[in-house]
Amino acid sequence: MKDYWDMKAEDQKNEELRKEHEIRLRGAVYALSQNQNGMEFLRWLMNESGVFWQDFPGDDKAAAWHAGRRALGLKVFALCAAENVAAKLLTKETVHE
């Protein structure tokens, strides 16, 4: 049976692992933002997840589905913001050929 100190140590270890994972994810988002293909992927993900859409589904199941998709997109957008690439993500790029 775990006592208070064991649970506290486990919680601290889990928090450290969560922070390390977030650092790796932030690094991945930053790496994606450094080239045109990566930015296209991030913009596609924002579009597909509906982060910037406003909708009012008629039934609860559709509303829950859209909220779940949006939640994932918002997590990725938060990683972009933490790496200071959110503004770049929101900027429309023009292609010069």
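Let's start with a pair: the side chains of Arg69 and Glu48 form a salt bridge at 3.9 Å, N to O (a side-chain nitrogen of Lys or Arg within 4 Å of a carboxyl oxygen of Asp or Glu). Arg69 sits in helix α3 and Glu48 in helix α2, so the pair ties together parts that are 21 residues apart in sequence. This is a predicted model, where local features need pLDDT of at least 70 and side-chain atom pairs count only at pLDDT 80 or more, while totals for chains, interfaces and linings use all residues. Residues are numbered from 1 along each chain as its sequence is written, and side-chain values use heavy atoms, leaving out hydrogens and water.

**Salt bridges**
- The structure holds five salt bridges.
- Glu83 and Arg26 meet through their side chains in one of them (2.7 Å, N to O).
- Glu83 is in the loop between α3 (60-82) and α4 (86-90) and Arg26 is in helix α1, so this pair links parts that are 57 residues apart in sequence.
- Another joins the side chains of Arg18 and Glu15 (2.7 Å, N to O).
- Arg18 and Glu15 both belong to helix α1 (residues 4-33), three residues apart, about one turn of the helix.

**Around Ser49**
- You'll find Ser49 in helix α2 (residues 36-49); helices here are DSSP runs of H or I, at least four residues, numbered from the N terminus.
- Ser49 is buried, at 8% relative accessible area (buried means under 20%, with a 1.4 Å probe and protein chains only).
- The Ser49 side chain reaches the backbone oxygen of Leu45 at 2.9 Å.
- Leaving aside residues up to four places away in sequence, Ser49 touches Arg69, Arg70 and Gly73 (heavy atoms within 4.5 Å).

Note on methods
Helices (H or I, at least four residues) and strands (E, at least two) are DSSP runs, numbered from the N terminus. Buried means under 20% relative accessible area, exposed over 50%, partly exposed in between (1.4 Å probe, protein chains only). A polar contact is a pair of N or O atoms within 3.5 Å; within protein, one must be able to donate a hydrogen and the other to accept it, and residues adjacent in sequence count only if both atoms are side-chain atoms.
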